[in-house]
Amino acid sequence: MAPHRIALLFNANKVYDRQVIAGIGHYLNSTRVEWDLFMEEDFRSRMRDIHQFRGDGVIADFDDPEAPEALRDLHIPVVAVGGSYHDPAAYPAGVPYIATDNPRLVRLAYDHLIEQGLSRFAFYGIPPHPGSRWAQEREHAFRAIVDEESVEGLVYEGSPTSAGGWGAAVEELVTWLAELPKPIGIIAVTDARARQLLQACVMGGFAVPEQIAIVGIDNDPMAQLLTRIPLTSVIQGAEEMGRTAAHLLHQMLRGIDCSSTRVLVPPVGINVQVSSRYQPMRSPHVMRASHYIRQYGCLGIKTEQVADYVGVSRTVLEEHFKRELKQTVHQVILKHKLDTACDLIANTDTPLADVALRCGFTSLQYMYAVFRREYDCTPRQYLDLHRKTAAT
Amino acid sequence: MPVSNATAWGHFPDGRPLHRWTLRNARDTQIDVSDLGGTLLSWQTPDRHGRRGEVLLGHADASQYIDSNAYMGAIVGRWANRIRGGRFRLDGIDYKVDRNDGGNHLHGGHDGFHLHRWDVEPEGDDLVLRLVSPEGDGGFPGEVDVELRMRLEDDGTLDLRYEARTNAPTPLSLTAHPYFNLNDRRPDIRDHLIRIDADEFLAIDAGAIPTGREPVAGSAFDFREPAPIGARLHWPDPQLRLVGGFDHCYVPHATADDSLRVVAVVTEPSSGRRLTVETDRPGLQFYSGQKLTGQPGRHGESYGPFAGFALETQAFPDQVNGPDAEAAILRPGTVWRQHTRYRVDTL
């Protein structure tokens with residue numbers, strides 16, 4: 001039997017479409033199903049010509065607004081691939097539909113920003129256009145999340161990208177960014193849009209991620225190449241979409257009715273990079289540890305005891321300290337001891353040997369060594385400079 | 001780290017006390033284990049942000065575990081999974097064991113290992129659990145001595161080494177039955193991505209008894225590349241419709257010397273947590289948790305379908321009635337061993 005002739009109608013200029021096609025390829029390889037695949041030579045689909053196709057089946061990008069009309073009278077199995085819709089009526093009737101789950105993509109980006117400690121959010125979308133209804137769906141998903149969680153969510157659609165209007169568009173974007181309350185986390189509808197944000201942040205002098213944390217969608221290597229600050233991005237389940245589409249077409253070619261099958265594919269992950277690594281000033285771990293050190297720092301405590309008190313491992317606590325205070329737990333304890341010692345020396349007439357003891361230094365000599373290292377003077381010199389009470 | 005001492009944890013209806021022990025490691029992970037069924041009660045471990053959270057489903061107290069039919073976190077035996085009609089023939093003798101799942105035997109019967117009180121003692125870093133399963137337990141022949149050593153390693157691995165001996169030939173297949181949900185903020189595992197290193201699985205009939213090996217290629221069962229559990233549930237596949245999801249035994253790649261190999265890896269994109277399962281067992285049951293609806297949770301909540309998933313390392317279901325029956329029989333004078341490792345870490 002001659003292999004089935006299958007048309008793949010995708011504009012494979014984006015990483016998403018290429019991954020869908022890769023997923024179709026993986027399915028075919030895993031099953032040894034032989035399909036005679038038709039794709040345009042330049043990997044761009046020409047929907048208008050498809051009625052001339054003499055083949056057995058089609059997998060098509062239904063984000064292309066021409067697809068439903070162009071494929072309607074083909075009378076061969078068609079599997080649709082595209083974005084999910086919040087309104088069930090928006091899906092094409094009678095065609096199996098494999099969707100990237102837009103609300104889950106946005107949710108993953110949002111949850112990530114929440115985990116980074118942000119409490120203000122915005123969304124940078126695209127003005128409505130028939131070819132990018134998925135962008136409106138992502139914007140809708142963002143509005144639904146912030147509504148549900150009762151947080152403020154600002155949305156900016158900007159201008160369509162055009163060579164002529166680029167300068168003005170970036171200026172408008174900078175103006176929008178300037179007006180945003182900060183710090184803020186922005187979800188960009190695609191990596192291409194996220195790249196524009198990063199550029200506007202550079203132009204406007206906004207620190208990424210300290211003032212503006214950015215998450216894109218697509219994990220597009222090209223967007224990464226064109227940004228100086230590595231971009232955090234949600235990875236769509238595009239390969240799985242391709243596998244699923246191929247499986248459904250395979251079933252339909254065997255005569256199985258899949259016309260009402262709809263599969264929503266969630267994201268496979270998030271590639272966390274610098275653009276979103278915002279850290280609030282205080283993690284609860286560091287706050288609890290600091291509280292403990294303020295109380296017991298002069299009793300000879302060690303990092304281990306602080307970690308025990310906080311209830312995390314030493315390693316985890318060190319990571320948090322390094323990230324937030326750029327210091328080790330030991331350095332913070334030592335700083336507390338030194339501060340206390342300075343206070344005692346300056347404001348009481350405690351003998352230096354007792355100061356050492358009361359501040360948890362193991363010996364007077366050790367306190368001398370630490371003072372020399374940290375203040376470039378001895379405790380005696382410090383005393384001579386700072387003691388306010390009458391000398392004994 | 002050394003295992004904690006026992007603390008009181010409820011009691012049987014007849015008053016016998018039950019206990020709980022805690023295993024800890026240096027990386028903020030802590031696992032609670034009960035002598036009731038050797039049950040894994042809780043597994044708390046950091047997510048990608050270092051925030052510690054629960055990755056196991058669990059009930060609220062001992063009485064819920066005793067009343068439950070979910071085998072929540074328990075060590076299951078004497079026969080993990082099903083035996084067709086609760087019948088098998090061994091050395092020319094026909095045996096009838098408990099039929100507690102339709103007309104079939106499941107997970108040791110009415111009073112399986114999951115409802116026994118194990119003798120538990122810490123030995124340094126190990127928690128050692130011992131059980132004597134009496135002659136006739138669930139209808140099975142022979143008295144079986146089981147020893148299970150649990151250890152929590154610093155990389156987040158729960159290492160499980162089982163040994164068993166018998167005084168008469170008996171089928172034996174033990175498994176741990178934890179239900180995982182790697183994202184403690186969402187009571188649904190359908191966005192988890194699972195990879196199972198198996199080219200074949202066992203197709204089943206309506207009673208969930210295997211009918212034969214099938215290649216996974218080209219089907220919803222192909223998890224050789226990671227795929228989201230929930231999306232696969234929508235593939236049009238009669239095997240999925242039979243049991244409302246995945247409740248099938250995979251045949252992971254065998255090793256020449258029956259040594260440990262990775263059989264499954266599950267990741268959860270939001271928390272960044274990852275579960276890796278290694279075992280020397282021939283079979284891996286993947287259950288997507290579709291029938292967890294209504295099971296009581298730890299904090300008074302009620303679980304919904306797909307609240308957790310189970311990966312059970314074991315012999316093949318109904319193996320005692322198939323051509324490989326002898327491989328599932330423990331005989332006097334030999335020692336049955338199993339080695340399984342569950343590791344939870346972050347991406």
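I started with the mixed sheet of chain A, an open one in which six strands run in the order β7-β6-β8-β9-β10-β12. I looked for its edges and found β7 (153-156) and β12 (269-271) of chain A, each pairing on one side only. Direction ignored, neighbouring strands here are turned by 25 degrees against each other on average.

Before going on, I noted that this is a predicted model. I wrote down its scores as well: ipTM 0.91 and pTM 0.84.

Next I zoomed in on one pair in that sheet. Strand β9 (residues 212-217) of chain A pairs with strand β10 (residues 232-235) of chain A in the parallel sense, over three bridges. I picked out V215(A) and saw that it stands opposite T232(A) in β10(A). Then I asked myself which strands helix α3 of chain A touches. Helix α3 (residues 102-115) packs on the sheet and touches β6 (121-124), β8 (184-188), β9, β10 and β12 of chain A. I also noted its direction, which makes about 155 degrees with that of β9(A).

On to the other sheet I looked up. It is open too, with six strands of chain A in the order β2-β1-β3-β4-β5-β11, and the pairing is parallel. The twist averages 20 degrees from one strand to the next. I checked how β11(A) is held: four bridges join it to strand β5 (residues 97-100) of chain A, and the two run parallel. In that pair, I98(A) stands opposite V263(A).

I then looked up the domains of chain A. The assignment gives domain 1 (4-101 + 238-267), domain 2 (102-235 + 270-276) and domain 3 (284-386). I noted 43 Å between the C-alpha centres of domain 2 and domain 3 of chain A.

Chain B came next. Its mean pLDDT is 96, and 100% of its residues reach 70 or more. I counted three helices and 28 strands in chain B. Its radius of gyration is 19 Å, close to the 20 Å that the globule rule gives for 347 residues, so chain B is as compact as a globular protein of that length. Along the principal axes, its C-alpha atoms fill a box of roughly 60 × 50 × 40 Å.

Technical notes:
Residues are numbered from 1 along each chain as its sequence is written. Chains are lettered from A and ligands numbered from 1 in the order in which they are written. This is a predicted model: local features need pLDDT of at least 70, side-chain atom pairs count only at pLDDT 80 or more; totals for chains, interfaces and linings use all residues. pLDDT is the predictor's confidence in each residue, from 0 to 100. Domain bounds come from an automatic or database domain assignment. Two strands pair if DSSP finds at least two bridges between them. Axes are lines fitted to C-alpha atoms, for helices over the stretch in contact, and angles run from 0 to 180 degrees between N-to-C directions. The radius of gyration is taken over C-alpha atoms; the globule rule is 2.2 Å times the number of residues to the power 0.38. Two residues are in contact if their C-beta atoms, placed from the backbone, lie within 7 Å.
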